[in-house]
Amino acid sequence: MNLYVLRHGIAMKPGTPGCEKDSERPLTPKGRHQLRQIAGAMKKMDLRFDLILSSPFLRAKQTAEIIAESLKLKKQPGFSDALTPDGNPKALIRQLNELKPVPENVLLVGHEPYLSCLISLLTTGRVDLMMDFKKGGLCKLEIEKLSHDRCATLVWLLTPGQMKLMG
């Protein structure tokens with residue numbers, strides 16, 4: 001399985017009038033524009049996803065929808081509470097392992113520091129790997145058998161700036 005991990009785009013600041021709840025913060029116009037550039041880079045890399053699974057928080061949901069629309073995917077993104085900022089990586093892994101047939105290419109869309117902890121868990125077996133995972137950053141992991149321990153190889157981690165250069 002190829003597991004791609006995408007951090008949501010630039011969102012409204014916490015406490016912005018009209019979106020007091022963290023889960024209701026939308027992407028900014030700049031965040032939407034940046035994600036369209038990221039989707040363009042994904043097209044140039046010929047990335048295809050059998051499944052997009054996102055946090056249900058608005059900014060992540062909007063991120064997943066922009067990517068799915070830009071890549072002209074037939075299937076709409078799915079949503080998982082296991083990808084929220086307080087989500088449970090073990091629950092996510094269990095959810096992914098229950099998928100039949102097993103998807104070859106999965107895109108996960110979520111938040112920091114959760115995504116860094118997930119990448120750390122899958123690559124090292126621990127959650128203390130330090131990384132600077134930017135908003136709109138994209139990571140590729142290769143996995144033979146998904147488990148709660150060291151099971152993945154980090155293939156690459158791209159910043160939004162690097163992907164902009166591909167566009």
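## Basis of the report

Because the model is predicted, local features need pLDDT of at least 70 and side-chain atom pairs count only at pLDDT 80 or more, while totals for chains, interfaces and linings use all residues. Residues are numbered from 1 along each chain as its sequence is written, and side-chain values use heavy atoms, with hydrogens and water left out.

Helices (H or I, at least four residues) and strands (E, at least two) are DSSP runs, numbered from the N terminus.

## The aromatic cluster

The structure holds 2 aromatic pairs. Rings of Phe, Tyr and Trp (its six-membered ring) pair if their centres lie within 6.5 Å; planes under 30 degrees apart count as stacked, over 60 as edge-to-face and the rest as tilted. Tyr4 and Phe49 form an edge-to-face pair, with 5.2 Å centre to centre and 75 degrees between the planes. Tyr4 lies in strand β1 (residues 2–7) and Phe49 in the loop between α1 (29–44) and β2 (51–54), so this pair ties together parts that are 45 residues apart in sequence. Both Tyr4 and Phe49 are buried; buried means under 20% relative accessible area, exposed over 50%, and partly exposed in between (1.4 Å probe, protein chains only).

Tyr4 also forms a tilted pair with Trp156, at 6.0 Å centre to centre and 50 degrees between the planes. This pair links distant parts of the chain, as Tyr4 is in strand β1 and Trp156 in strand β6 (residues 152–158), 152 residues apart. Tyr4 counts as buried because its relative accessibility is 4%, whereas Trp156, at 22%, counts as partly exposed. Together, Tyr4, Phe49 and Trp156 form one aromatic cluster.

Leu108 is found in strand β4 (residues 105–110) and counts as buried, at 0% relative accessibility. Leaving aside neighbours within four places in sequence, Leu108 is in contact (heavy atoms within 4.5 Å) with residues including Leu3, Tyr4, Val5 and Leu6. Other contacts of Leu108 include Leu53, Leu83 and Leu92.

Ser54 has its place in strand β2 and also counts as buried, at 0% relative accessibility. The side chain of Ser54 reaches the backbone oxygen of Ala60 at 3.3 Å. Such a polar contact is a pair of N or O atoms within 3.5 Å; within protein, one must be able to donate a hydrogen and the other to accept it, and residues adjacent in sequence count only if both atoms are side-chain atoms. Not counting residues up to four places away in sequence, Ser54 touches several residues, among them Lys61, Phe79 and Val109.

## Strand β5 and its partners

Strand β5 (residues 138–143) is mostly covered, with 5 of its 6 residues buried. Two strands pair if DSSP finds at least two bridges between them. β1 and β5 pair in the antiparallel sense over 5 bridges, and Val5 stands opposite Cys139 in β5. β5 and β6 also run antiparallel, joined by 6 bridges; the bridge partner of Glu142 in β6 is Thr153.

## Helix α3

In helix α3 (residues 89–97), Pro89, Leu92, Ile93 and Leu96 are buried. Seen down the axis of α3, its buried residues fall within an arc of 100 degrees, so they line one face of the helix. The arc is that of the directions from the helix axis to the C-beta atoms.

The cover over these buried residues of α3 includes β1, β2, β4 and α4 (114–124). At the start of α3, a side-chain oxygen of Asn88 reaches to within 2.8 Å of the backbone nitrogen of Lys90.
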